[in-house]
Amino acid sequence: MNWTADEAAKTFFEEREVEMALDYHKCAQEIVNNIGGRENVAQAAHCATRLRLVIKDNDKINKEALDNIEGVKGMFESNGQLQLIIGTGTVNKVYDEFLAITGMTAATKDDVKKAAAAKQPVWKQMLKTLGDVFVPILPAIVASGLMMGIVEALGKAIPSFSSSDWYGFLDLISNTAFAYLPVLVAISAARVFGGNIFLGAVVGLAMVHSALANAWSAGSADMVFDVWYLFGPNAPKLGSWVIGQVQQKGYQGHVIPVIIAVFIMSKLEAWLHKHIPEMIDLFVVPLCTIFVTLFITFTFIGPIFSQLETWVLTGAEWLVQNPIGACAMGALYPWTVVMGLHHMYNIIEAGMLASTGLNTWMPIASAANFAQFGACLAVGIKSKNAKTKSVAVPSSLSAALGITEPAIFGVNMRFFKPFICGMIGGMAGALFGALPRATALGATAYGVTGIPGYLTINQPLTYTLLLLISCGIAFALTWILWSEEAPETEKKTTAVQTTPEVGNLADAGSNVPLGLGVCVIRSSAGDIMKPINGDVIPYNKIPDPTFASGALGQGVGIEPRGGDIVYSPCEGTISSVAESKHAVGITGPNGQEILVHVGIDTVDMNGDGFVDYVKEGDKVKAGQPLVKFDQEKIKKAGHSSVVVLLLTNSDDYDDVRYGENLNN
Amino acid sequence: MKTFEYTITDPVGIHARPAGLLVKAVKACDSAVTITTKDGKSADAKKLLALMGLGIKQGDTITVSVDGGSEDASAAAIEKFLKENL
């Protein structure tokens, strides 16, 4: 069955009419029967309307029978895929049945992946979130980590250097990213959770506010923090903790409390935006968001984490008394880095030096850190993905110098298996370090681990063995157990880019906007449909004064979600395509002048990140692709990617309505 | 009919937003206004898409023709708008 461009466009709308009472199981079973069974399917995925199958042997397909199955509205082959048109709202159910019957797992299309992500266990989703938050800030912390390692090592190696002005200066610039890590984390987390990044920054800044005592100085154990009692010192207590009690201590080095705080903030902000009238939105929403978030953070999340810190500290002190405990600590150590609790350990180290003159904690920490280095290095060497490599290699170097955050958050934790391998390596190294021997292995100072640790260690040879054991085991295990997921979705995208003809619209696959078929601007001249999937905002809420003023006519903005292709909102003639490809003018059948403008101020990108599928004078059908855009590039250029859809001559009509869904 | 020439200084040329503002300014006049480019393409300045379709860039010289109504006032108003905005 061959499709012409026009037919392809037309079905976008027609396919939405879902047949009711379809027996999904029966439909899926018949499909399986007529494609040569499970063995003949290499991959299965679905988009908005189609079941997309990669078939091994096309000869085993009974095309006629497939076409006659109830629920299958059509089929065609394209790009090595067998595509069965089933329809919106139905295809996913048939697909589920299809998977159940064949026992296959969801394939690699983006939306399928997302659906699968939603079904992942909570801990996996949390790890993924942690990775999403950390990846964008890696450049900052990798740079900082490497520099900090070098500066600290130099300071230990050359005592006179540590009192020089250069040291002070280098120390300042190298540890900035770590001293204010909560701010970076908060901004990134706000982006991940969809909150306002500036409010996110405020939350992060408040948590390391200079009026609060610095958490790093908690190293001196006798430090007592001032406390505010928001509900008075006699308020009800939970254990020894008075409700409303706020310790005047910052969250330097913390990660998890910051992410939790920003998560609360983002959800709260979104909820308030929905429920607060627009007129007072700007007064109420940011104020309430910040106040409530920080109140909860300082009075609830904060105390929970200080309690955790105390427990970890007590537990760690108790554990390192014997080799078995040390071994356990070697495994648990990276977890405490994840929780941001590791900066407490200076207290233990200082205590050891004061009582015995030997810091036996340091070899354990070194084993744990060096194992993460090994695991991260294995990822860096084994990975074929240039991006992964470019993160993993420098991150591992930083870890070798004792600063493991980039390696843990940016690499090992994200893939998780390397993290576990690192734990095992750390365990082995720590056990080796704590084995009874004539003189215990230990350091004569504290503050450095990994390679700089040589400067303070009492037995360099044993220490070398310890590092080799931890790093070697972690490296070997990661090398064997970890393998990269193939980046199949990327290939698909390139395929779309090279085949922009309308006939291959079907290949746009997961980009097909589910929103198509929804009318967003209506007048006596005809309906204008939603050109891309996403949230609809009225034109006066478009984040640009000119569009919002209505000077260019009435209409809507759509905040794209998921897709990257803008489709024609109606039939008509292309009257202009901006040289910078981001804006298209369409003249509708009744003289409507419609402007489709991708992003705000995107004119200055000069076409970079945009692919246009139409040219001036082209006749287009509704649902035909107009422009493909790269949301990442728009974001990088600092612009909003709102797709502006305006009826520019709305003054000519007296019955223009616009909104989220005018279908009814 | 009254005509005058103007050279665009706005770095993005007559793109969507400036074009929209120009249309608005022209609609406020009582004359018919036509814009013609160097290569002879012309458009009704009240029609946004036609205007954008001219693809006028920075450095291009356009000819503005004002016809009917209070031509002098219209021409002055449009010239002023162009100088201020484009």
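This is a predicted model: local features need pLDDT of at least 70, side-chain atom pairs count only at pLDDT 80 or more; totals for chains, interfaces and linings use all residues.
For the complex, the predictor gives an ipTM of 0.71 and a pTM of 0.48. In chain B the average pLDDT is 82, and 100% of the residues score at least 70. Chain A has 664 residues, of which 47% are buried. Its secondary structure comprises 22 helices and 21 strands.

An open sheet of 7 strands is found in chain A, in the order S11-S12-S20-S16-S15-S14-S18, with antiparallel pairing. Strand S11 (534-538) and strand S18 (619-620) of chain A are the edge strands, and each pairs on one side only. Within this sheet, strand S12 (residues 554-560) and strand S20 (residues 643-647) of chain A run antiparallel and are joined by 5 bridges. A:Gly557 has A:Val644 in S20(A) as its bridge partner.

The contact between the chains involves 16 residues of chain A and 14 residues of chain B. On the side of chain A that touches chain B, two or more residues each come from strand S14 (572-577), strand S15 (583-587) and strand S16 (593-598) of chain A. By class, this side of chain A consists of 6 nonpolar, 7 polar and 3 charged residues.

The antiparallel pairing of S17(A) with strand S19 (residues 625-629) of chain A extends over 3 bridges. In this pairing A:Phe610 is opposite A:Phe629 in S19(A).

Strand S9 (residues 519-523) of chain A has 4 of its 5 residues buried and is therefore largely enclosed by the rest of the structure. S9(A) pairs in the antiparallel sense with strand S10 (residues 526-529) of chain A over 4 bridges. The two strands S9(A) and S10(A) form a hairpin, with 2 residues between them. S9(A) also runs antiparallel to strand S21 (residues 657-658) of chain A, to which 2 bridges join it. A:Arg522 stands opposite A:Asp527 in S10(A) and opposite A:Arg657 in S21(A).

Strand S4 (residues 81-85) of chain A is likewise largely enclosed by the rest of the structure, because 4 of its 5 residues are buried. S4(A) is joined by 5 bridges to strand S2 (residues 50-55) of chain A, and the two run antiparallel. Here A:Leu51 faces A:Leu84 in S4(A) across the pairing.

Helix packing is represented by helix H14 (residues 345-356) and helix H15 (residues 361-382) of chain A, whose axes are 9 Å apart at an angle of about 145°. H14(A) contributes A:Tyr345, A:Ile348, A:Glu349 and A:Met352 to the contact, while H15(A) contributes A:Trp361, A:Met362 and A:Ala365. The residues of this contact between H14(A) and H15(A) comprise 6 nonpolar, no polar and 1 charged.

Note on methods:
Residues are numbered from 1 along each chain as its sequence is written. Chains are lettered from A and ligands numbered from 1 in the order in which they are written. Two strands pair if DSSP finds at least two bridges between them. Two residues are in contact if their C-beta atoms, placed from the backbone, lie within 7 Å. Ala, Val, Leu, Ile, Met, Phe, Trp, Tyr, Cys and Pro count as nonpolar, Asp, Glu, Lys and Arg as charged, and the others, Gly among them, as polar. A residue is buried if 20 or more other C-beta atoms lie within 10 Å of its own, exposed if 12 or fewer, and partly exposed in between; C-beta atoms are placed from the backbone. pLDDT is the predictor's confidence in each residue, from 0 to 100. Axes are lines fitted to C-alpha atoms, for helices over the stretch in contact, and angles run from 0 to 180 degrees between N-to-C directions.
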